[in-house]
Amino acid sequence: MVPTPPKEACDFRFWGLFFGFAWTAEIHKPYNVEGVEGRSIELQCPITVPLTEVSMVLWFKDGAGIPLYRMARQPAHWSAPEVFGSRAKFNIDKSPASLLIKDLKRHDQGLYRCRIDFRTIQTQTYRYNLTVIVLPEQPVVLDRWGRLMNGTKLGPKEEGDDVVITCRVSGGRPQPSVRWLINGVIVDDQYEHTSGDIIENRLLWPTIQRSDLNSIFTCQTMNTRLVEAKETSYVLDMHLKPLSVRVIDPPGSVVADKRYEVSCESSGSRPNAIITWYKGKRQMRRTKDDILSHNRTLSSLSFSPSTEDDGKLLTCRAENPDVKGLFLETTWKMNVVCE
């Protein structure tokens, strides 16, 4: 709803002679209003006397002498088909009376004048300078090589990587702002006009850490507060190396030629770690792995040591399956005794 221009906003009056008596018309300073393309807006034209005193209500645009909308006393409504047609309706049943314009078009922008002609009192006029806001297109995001990103996932990245992404926005009147937010916090509001009606904001977020996992990177654009900003968001996915690996309660000594089962647990890898066992440089095959919650993996090794294994190292290695070199390992020195 547009506020009613104050009466004290009159900047001049003119006098004339009409059918032998003097009358005045009050011209108000234009009241600046904004509407959004495709939405509705109401331009107020308050009627402060009984409708029986109203001769007609006329709406004009940009100084034209021919009205684009007319309401007579009956009331009978007429809307110029080449301007508003059925998109406009003057509502006298609400207070203040107002002209409802639906489905605003870009060409609806302009200076509007409402004139109320009364039977016995002076004519009143209200003016509005209507600006039609054209919303920008939905933001799109490009990767560091300028390729369009699809879906909602950013990555997967690795710890220490830089995030380099560009938000591109097309269209909009007035020119929209384009900014980056991470987890709802503005981190970059510097944008540039590249070509035509394209605005871009290139974000460099250096040296991401484990704590950045699942952070939400949002490109936001807006050119009016009348509607919510348009946004495109991506969730940061990361490959993470294991944080820990340990052999669980290894025995202090083992008896030669007797079968044992030892377990090794790893945590922190994303995706879950693959655990591999080695005796010296030889990989051990008799293992059983279980994927646990919270990025934990448990592996059990069944083996039967020999006297020759005394003093050798049994190694448990936890490795991220998707990234070569992201591993941790721990060793257990076997003390083999004879029964």
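User: Where does UniProt place the feature "domain: Ig-like" in this chain?
Analyst: The UniProt record, an unreviewed entry, places "domain: Ig-like" at residues 37–131, 136–233 and 242–320. Please keep in mind that the structure shown above is a predicted model.

User: What do residues 136–233 consist of, helix or strand?
Analyst: The span 136–233 is 0% helix and 49% strand. Its end C-alpha atoms lie 17 Å apart.

User: And how far apart are the ends of residues 242–320?
Analyst: The end C-alpha atoms of residues 242–320 lie 7 Å apart. This span is 0% helix and 57% strand.

User: Which domains does the domain assignment give?
Analyst: The assignment divides the protein chain into domain 1 (31–133), domain 2 (140–239) and domain 3 (244–337).

User: What separates the centres of domain 1 and domain 2?
Analyst: Taken over C-alpha atoms, the two centres are 42 Å apart. The contact between these domains takes eight residues from domain 1 and six residues from domain 2.

User: How much area do domain 1 and domain 2 bury between them?
Analyst: The interface of domain 1 and domain 2 buries about 540 Å², and 60% of this area is on carbon and sulfur atoms. As background, the size of an interface is often expressed as the accessible area lost when the parts come together.

User: Which residues in domain 1 lose the most area to domain 2?
Analyst: They are Glu34, Val36 and Ile133, which together account for 64% of what the domain 1 side buries.

User: Which strands supply that side of domain 1?
Analyst: Strand 3 (31–36) and strand 11 (123–133) each supply at least two residues of the side that touches domain 2. Strand 3 gives the largest share, with three residues. Sorted by class, this side of domain 1 has three nonpolar, two polar and three charged residues.

User: How many salt bridges are there between domain 1 and domain 2?
Analyst: The count between these two domains is zero.

User: How many salt bridges does the structure hold?
Analyst: The structure holds 15 salt bridges. One of them joins Lys94 and Glu42, with their closest N and O atoms 3.0 Å apart. In general, side chains of opposite charge can pair when their charged atoms come close.

User: Why does the pair of Lys94 and Glu42 tie together parts that are apart in sequence?
Analyst: Lys94 is in the loop between strand 8 (88–91) and strand 9 (98–101), while Glu42 is in strand 4 (residues 41–44), so their pairing links parts that are 52 residues apart in sequence.

User: Changing topic: is the peptide bond from Ser95 to Pro96 cis or trans?
Analyst: The Ser95 to Pro96 bond is cis, with omega near -5°. Pro96 belongs to the loop between strand 8 and strand 9. The bond from Gly155 to Pro156 is cis too, with omega near 15°, and Pro156 sits in strand 13 (residues 153–158). For context, most peptide bonds are trans.

User: What about phi: is the value of Asp62 positive or negative?
Analyst: Asp62 has a positive phi, near 50°, although this residue is not glycine. Asp62 is placed in the loop between strand 5 (54–61) and strand 6 (69–72). Asp249, likewise not a glycine, has a positive phi of about 45°. The position of Asp249 is in the loop between strand 21 (244–248) and strand 22 (254–255). By way of comparison, most residues other than glycine have a negative phi.

Methods. Residues are numbered from 1 along each chain as its sequence is written. This is a predicted model: local features need pLDDT of at least 70, side-chain atom pairs count only at pLDDT 80 or more; totals for chains, interfaces and linings use all residues. Side-chain values use heavy atoms; hydrogens and water are left out. Domain bounds come from an automatic or database domain assignment. Contact means heavy atoms within 4.5 Å. Buried area is the accessible area (1.4 Å probe) that two parts lose on being put together, summed over both. A salt bridge is a side-chain nitrogen of Lys or Arg within 4 Å of a carboxyl oxygen of Asp or Glu. Helices (H or I, at least four residues) and strands (E, at least two) are DSSP runs, numbered from the N terminus. Ala, Val, Leu, Ile, Met, Phe, Trp, Tyr, Cys and Pro count as nonpolar, Asp, Glu, Lys and Arg as charged, and the others, Gly among them, as polar. UniProt positions are given in the numbering used here, feature names are shortened, and annotations may be inferred rather than shown by experiment.
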